[in-house]
Amino acid sequence: MSDPYGEIWIGTEGAGLLRWNQITGKAELPYGQSETSAGMTLNNVTSILADSRGTIWSFGTDYFCRFNQAENKIVNYRFLYDHQTVYENPGSSVTVDQSFRLSDGKIWFFSREEGLIYKFDPSSEKLVLYRTPTFAAFQCLPDNQETLWFACVRYNVFRMIWKQI
């Protein structure tokens, strides 16, 4: 993924979020230190996006993180809703498969395994959880008409008008 400044970001399984150094031709930790000391809790990154200010959002299992490049600061978020984990079963977890930022500035992310979609407001840090009508949704696509489209197994498609929720 490329950010507004042309930096290339890579989500890995095991090493977390990396930035491609175009001078050395190597991937490196973007924090200038080890992940543990930098505070990032996310080692397996399944989705990445950048906002217009160059903030890098990374998503994985159980957590998502905001990396502010200008301040070299990481904020970790756990999937909590009303101060409880969003999981249906205590032993289960949520892995984000897709993330996107829509025109209202909110960040949306989708977990096909759990059939969950989340809306996160970066200004208020409020997380809202929605359940898709079916656990069989495997792809979520936003359009420019304020609608989220879900592709499901058995040739089913459903839509969610995001401006209304």
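Q: Which residues do ring pairs link into a cluster?
A: In this predicted model, ring pairs link W57, F59, F64, Y77, F109, Y118 and F120 into a cluster.

Q: And how many aromatic pairs does the structure hold?
A: The structure holds 12 aromatic pairs. One of them joins F59 and F64, with 5.6 Å from centre to centre and 15° between the planes, and this pair is stacked.

Q: How about F109 and Y118, what are the numbers there?
A: Their ring centres lie 5.2 Å apart and their planes meet at 25°, so the pair of F109 and Y118 is stacked as well. The cut-off for stacking is planes under 30 degrees apart.

Q: Are F59 and F64 buried or exposed?
A: F59 has 0% relative accessibility and therefore counts as buried. F64 is at 1% and is buried too. The limit applied for "buried" is under 20% relative accessible area.

Q: F109 and Y118, buried or exposed?
A: Both F109 and Y118 are buried.

Q: Where does F109 stand relative to β12?
A: F109 stands opposite Y118 in β12. The strands concerned are β11, residues 107–111, and β12, which pair in the antiparallel sense over 5 bridges. Another contact between them is that of S111, whose bridge partner in β12 is L116.

Q: Which residues lie on each side of it?
A: On one side of β12 are L116, Y118 and F120, and on the other are I117, K119 and D121.

Q: What is the bridge partner of K119 in β13?
A: The partner of K119 in β13 is V128. Strand β13 spans residues 126–131 and pairs with β12 in the antiparallel sense over 6 bridges.

Q: How many residues sit between β12 and β13 in the hairpin?
A: There are 4 residues between β12 and β13 in that hairpin, and E125 in the turn has a positive phi of about 60°.

Q: What is the strand order of the sheet that holds β12?
A: The order is β10-β11-β12-β13, an open sheet of 4 strands with antiparallel pairing. The edges are taken by β10 (98–101) and β13; each has a single partner strand, so one side of each is left without a neighbour in the sheet. From one strand to the next, the twist averages 20°.

Q: How do β10 and β11 pair?
A: β10 and β11 pair in the antiparallel sense over 4 bridges. Within that pairing, S99 has F109 as its bridge partner in β11. The two strands form a hairpin with 5 residues between them, and G105 in the turn has a positive phi of about 90°.

Q: Changing topic: how far apart are S52 and G105 in space?
A: Their C-alpha atoms are 9.3 Å apart, although S52 and G105 are separated by 53 residues in sequence.

Q: Where is S52 found, and is it buried or exposed?
A: S52 is found in the loop between β4 and β5 (56–60). Its relative accessible area is 53%, so S52 is exposed.

Q: What is the order of the sheet with β4 and β5 in it?
A: The order is β4-β5-β6-β7, with 4 strands in an open sheet and antiparallel pairing. Its edge strands are β4 (45–50) and β7, each of which pairs on one side only. Neighbouring strands in this sheet are turned by 20° against each other on average, direction ignored.

Q: How many bridges do β6 and β7 have between them?
A: β6 and β7 pair in the antiparallel sense over 6 bridges. Y63, for instance, stands opposite R78 in β7.

Q: Now pockets: what volume does the second largest pocket have?
A: The second largest pocket has a volume of about 160 Å³.

Q: Which residues line it?
A: The second largest pocket is lined by D51, R53, T55, W57, R66, N68, E71, K73, V75 and P122. W57 in this lining is also among the residues of the aromatic cluster.

Q: Which strands supply at least two residues of that lining?
A: β6 (63–68) and β7 (73–78) each supply at least two residues of the lining.

Q: How do the lining residues divide by type?
A: The lining of the second largest pocket divides into 3 nonpolar, 2 polar and 5 charged residues.

Methods: Residues numbered from 1 in each chain as written. Predicted model: local features only at pLDDT ≥ 70, side-chain atom pairs only at ≥ 80, totals over all residues. Heavy atoms only, no water. 1 Å grid on protein atoms, 1.4 Å probe; cavity = no way out; pocket = protein on both sides within 12 Å on 5 of 7 lines; lining within 4 Å. Points joined across faces, edges and corners; volume = space filled by probe spheres on them. Nonpolar A, V, L, I, M, F, W, Y, C, P; charged D, E, K, R; others polar. Pairing = 2+ DSSP bridges. Axes fitted to C-alpha atoms, helices over the stretch in contact; angles between N-to-C directions. Phe/Tyr/Trp six-rings, centres within 6.5 Å; stacked < 30°, edge-to-face > 60°. Buried < 20%, exposed > 50% of the residue type's maximum accessible area, 1.4 Å probe, protein only.
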